[in-house]
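Welcome! Let us walk through this structure together, one region at a time.

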Amino acid sequence: MNTKNIKAFGTEAIDTPLHAMQIKRREVMPHDVEMQILYCGICHSDLHQIRNEFGHTMFPIVPGHEIVGRVTRIGEQVTKFETGDLAAVGCIIDSCGHCEYCEEGFEQFCDKGVTFSFNSPDKYLGGATFGGFSETYVCNEQYMLHIPETLDPAGAAPLLCAGITVYSPLKHWQAGPGKKVGILGIGGLGHLAIKIAKAMGAHVVVFTTSPSKVEDAKRLGADEAVLSSDHDQMKSCFNKMDLILDTVSAKHDINTYLNLLRPDGSVVLVGLPPESLEISAFNVVHGRKSFSGSNIGGIAETQEMLDFCAKHHITADIELIRVQQVNEAFTRLQKGDVHYRFVIDMASL
Ligand SMILES: [Zn+2]
Ligand SMILES: [Zn+2]
């Protein structure tokens, strides 16, 4: 297989800061598209993986799975992209393509396993796939997405993971007119969930532990913002919510939020708390309530989400950084000190 050397930012070990390195990308095959990367978002799971917190990191690692760029080369069989197109790569870059889940557009559930855009076995080059903290990306056109030209490409980058992670469950659990949708937590995921749920037509109630975020929730479009430490405010939401999207990635009390649901309501987890969460049987039995979870979305649904965001002028609120600031950004991300997503300007590489 023909390859070329490109610039990237990554690390060989948990305790080594990210730094400039060279990696190999394959040359385009007949169905491949190559893009020059313009912007790459920083997601909390990038941080987990460079620290091997999920236990399956393959070093060296180049993170990044919220990737936006311009198409620079296409394989001879490519039909969906042309050179110069604004394009994107999210979490998924390959799947078996013919199991029942792939056929229904749920590549994220592929029976044979999905290839992720970084830290997955690379079936062409060996080793691990390398993510978007790099100069270029190459993958099969079926897994590449179109970015509408009306979207700001830097603000659109976080839609590729954070955006689809909240869009998919909001759609699946039918957020829309007449529905009261709670958003638990305002971070990278939560701030996009507010904007998307509002654009879907739902009445949006934000729950936050931070008084400083109450005003911000309203600025982002929330109809109500509730301080979760305020007993009276919480009581006023009791039995009122149709759906609560829970974006919190630390241990927290789910039972409090199950109590806010109407009968048949659901609390849907999209954050990834490392500890198990306890649920009282009474809180789901009474009122036929559900506690569920959701993780990213398929390729067609990701494209649908990008088109929805273009139509409703939705992008992430970002802090644009240079790639040389990435270690500092990870330290701040760990502390929750970002409004609301770091995006790297890859021209700095
Ligand atoms: Zn992510
Ligand atoms: Zn499959």
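The largest nonpolar core has 108 residues; a nonpolar core here is a set of buried Ala, Val, Leu, Ile, Met, Phe, Trp, Tyr and Cys residues joined through C-beta atoms within 7 Å. Val166, Ala193, Ala197, Val206 and Leu245 have the most contacts inside this core. At least three of its residues come from each of domain 1 (3–159 + 317–348) and domain 2 (162–293), with bounds taken from an automatic or database domain assignment. In soluble globular proteins, nonpolar side chains tend to be buried together.

A word on the background: this is a predicted model, in which local features need pLDDT of at least 70 and side-chain atom pairs count only at pLDDT 80 or more, while totals for chains, interfaces and linings use all residues. Residues are numbered from 1 along each chain as its sequence is written, and chains are lettered from A and ligands numbered from 1 in the order in which they are written.

Leaving out residues up to four places away in sequence, valine 206 touches Ile183, Ile186, Ile194, Ala217, Ala222, Ala225 and Val226; contact means C-beta atoms, placed from the backbone, within 7 Å.

Next comes helix α4 (residues 162–172), where 9 of the 11 residues are buried, so the helix is largely enclosed by the rest of the structure. Buried means that 20 or more other C-beta atoms lie within 10 Å of a residue's own. Among the buried residues of α4 are Val166, Tyr167 and Leu170. Their cover includes α5 (188–199), β13 (241–246), β14 (261–269), α10 (299–311) and β17 (341–345). Glutamine 174 follows α4 and has a positive phi, near 60°. Helices (H or I, at least four residues) and strands (E, at least two) are DSSP runs, numbered from the N terminus.

Now to the strands. An open sheet of 6 strands has the order β12-β11-β10-β13-β14-β15, with parallel pairing. β12 (224–227) and β15 (290–293) are at the edges with a single partner strand each, so one side of each has no neighbour in the sheet. From one strand to the next, the twist averages 20°.

Here are some strand pairs; strands pair if DSSP finds at least two bridges between them.

| Strands | Bridges | Direction |
|---|---|---|
| β11 (residues 203–208) and β12 | 4 bridges | parallel |
| β4 (residues 67–74) and β5 (residues 86–89) | 4 bridges | antiparallel |
| β5 and β9 (residues 145–146) | 2 bridges | antiparallel |

Threonine 208 has leucine 227 in β12 as its bridge partner. Isoleucine 67 is bridged to valine 89 in β5, and alanine 87 to histidine 146 in β9.

Definitions and conventions. Axes fitted to C-alpha atoms, helices over the stretch in contact; angles between N-to-C directions. Buried ≥ 20, exposed ≤ 12 C-beta atoms within 10 Å, placed from the backbone. Contact = placed C-beta atoms within 7 Å.
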